[in-house]
Amino acid sequence: MKKIFLTSCCFIMLIVVNATGAKPDKIALIPKPLSVQMEKSALKLNKVIRINDISLSGNDYAKFLNTGCIQGIDYKSVNSKDDKSEIIIRKSSGTAVKESYTLTVNSKGIEIAAPDNGGILYAIETLKQVLVQSWNGNEFDIPCMVIKDEPAFAFRGFMLDAARHYQPVATVKHVLDYMLSMKLNIFHWHLSDDQGWRVQSLKHPELNTIGSFVIDTDRVQTNGFYTLEEIKDIISYASERNIKIIPEFDIPGHSLAVLNAFPHLRCPYKPGSNAFCAGNPKTYEILKDIFGELIDVFKPEYIHIGGDERQKDLWNKCDLCLAKMKEVGVTNENDLQSKMLIEISAFIHSKGVKTISWAENIEGGVAEGQIIQSWRLRDEAFKAIKKGHLVINSDNGETYLDYPENAEDAKYKPSWMLILSVEKVYNFNPVPAGLTKEEEKMVIGSECPLWTESITIDKIYPQIKDRLEAHAEKCWTRKELKSYPDFASRLKVLQDFFKSSFYGEVTHMF
Ligand SMILES: [Zn+2]
């Protein structure tokens, strides 16, 4: 199997080189950088490339050059000011934009200047795309150039649903490698839903013995949880790749799996419900306990608390919930949910962690400082901004990658799903019209979710390929520099490079 993959990658490499020529005057790059200045001269390099990190950032950058479709080259790290090297990494000045970089290729070598680990990694990812197009069969024949680059949005996200189908650690790492290759920096991990709870709990082992095995079948992909060791490993893998993990525990609905472990936390009259009872004091106790444990495990900057699609007409028939409404001074279920999430958020904030929730909570009010993720209605992002919230725009018709890409794909998907083409993903502007310049800055970015009701691990790459690249350019590249026909032609050149970045490791390229 490995041999077949290896052979196909060599073939891919030849296609790339033949398509672009040994000395391309134009290099295809995704996402499109801020500026590329090409020179007439070239730099020739052989199969040994030394990389010297005199910025002393502490990451081993040679290993990132060793993943993807350009292996067979001997990349070495050298770390002394006196060492000779083909690539040198310097720290740029303190005023440089976060995650920005300058990549310079001249006749003497390659220089990367960046203010942080993110900028260095992104320069290396850009360099990899340059290298795969510069191999002439014997050596690298790289056009001299200066690339200056920085992101348009700080939040460039992808969400993987680990609850509907469970993905092994290796698959999660493939996703993280793929994200790095296109400069995405947020991995939103949907770790709980009706179909499963996916985090090992030492305090509440029933979350795993019951909550992680909701579907009674031998299909490995629908059951299971990540051990604390596995989570630690994934956090560190992501962090090396400049990717922040946002764990999500979706409450008060979508909670069947957790409520199977704590059945007494449902409204007493509704034994099969998938929502917590908002009137039971024990609910708040357990939720704080679980969120506290998640914070201990992930040490995250943000936690996603969900807040979407709670079953309606449930709490207003429950004596405990009705009494709670009276106690907190609200008259309907939606406002009760807002009060509940504000209390849980206050607990999370007291631990120094920020919160994100899905957008339907804005009507009844959300905790101060909570970031809103819009998804459902066209005007949600706009409304949230007008109410003073920072926004992540995940408008479902523009970003949901479980939706079919074309009419053929749609035959196998539920009929309510909209068709979401690569072009549509690309052209979506996360910033709604009608905002002031200051308000526009409140859109911190966009995220493409992949809900996995029908997505097994073998379908992840086919489902997200091309559209995630389009999303990445939408998040990274300034709006005025974007052009879909131009993106589509660059994607043709780089499609196989990105595929290799997802599947990883080819051991002998040449
Ligand atoms: Zn209740």
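This report describes the domains, sheets and helices of a predicted model.

Residue numbers start from 1 along each chain, in the order in which its sequence is written. Because the model is predicted, local features need pLDDT of at least 70 and side-chain atom pairs count only at pLDDT 80 or more, while totals for chains, interfaces and linings use all residues.

**Domains**

The chain is assigned domain 1 (2–149) and domain 2 (155–476); such bounds come from an automatic or database domain assignment. Their C-alpha centres lie 36 Å apart. Across the boundary, 11 residues of domain 1 are in contact with 13 residues of domain 2, where contact means that C-beta atoms, placed from the backbone, lie within 7 Å. The side of domain 1 that touches domain 2 has four nonpolar, five polar and two charged residues. In this classing, Ala, Val, Leu, Ile, Met, Phe, Trp, Tyr, Cys and Pro are nonpolar, Asp, Glu, Lys and Arg are charged, and the others, Gly among them, are polar.

**Sheet and barrel**

Helices (H or I, at least four residues) and strands (E, at least two) are DSSP runs, numbered from the N terminus. Two strands pair if DSSP finds at least two bridges between them. Seven strands form an open sheet in the order β1-β7-β5-β6-β4-β2-β3, with mixed pairing. At the edges stand β1 (35–45) and β3 (74–78), each with a single partner strand, so one side of each has no neighbour in the sheet. Eight strands, in the order β8-β9-β12-β13-β14-β15-β16-β17, close into a barrel with parallel pairing.

| Strand pair | Sense | Bridges | A bridge pair |
|---|---|---|---|
| β1 and β7 (residues 140–149) | antiparallel | eight | Met-38 and Met-145 |
| β16 (residues 391–393) and β17 | parallel | three | Asn-393 and Ser-446 |

Helix α3 (residues 117–132) lies across β4 (87–91), β5 (101–106), β6 (109–114) and β7, and runs at about 40° to β5. Such angles run from 0 to 180 degrees between N-to-C directions, and the axes are lines fitted to C-alpha atoms, for helices over the stretch in contact.

**The loop residue Glu-139**

Glu-139 is in the loop between α3 and β7. Apart from its neighbours within four places in sequence, Glu-139 is in contact with Lys-44, Leu-45 and Asn-46. Glu-139 has 13 C-beta neighbours inside 10 Å, so it counts as partly exposed. A residue is buried if 20 or more other C-beta atoms lie within 10 Å of its own, exposed if 12 or fewer, and partly exposed in between, with C-beta atoms placed from the backbone. From Glu-139 to His-471 the C-alpha distance is 33 Å, and the two are 332 residues apart in sequence.

**Helices**

His-471 is one of the buried residues of α17. In helix α17 (residues 467–476), 10 of the 10 residues are buried, so the helix is largely enclosed by the rest of the structure. Its cover includes β8 (155–161), β17 (443–450), α16 (457–464) and α18 (484–503).

The axes of helix α8 (residues 281–298) and helix α10 (residues 333–350) come within 10 Å and cross at roughly 35°. Tyr-284, Leu-287, Lys-288 and Phe-291 in α8 meet Glu-343, Ile-344, Phe-347 and Ile-348 in α10. This contact has six nonpolar, no polar and two charged residues.

Methods. Two residues are in contact if their C-beta atoms, placed from the backbone, lie within 7 Å.
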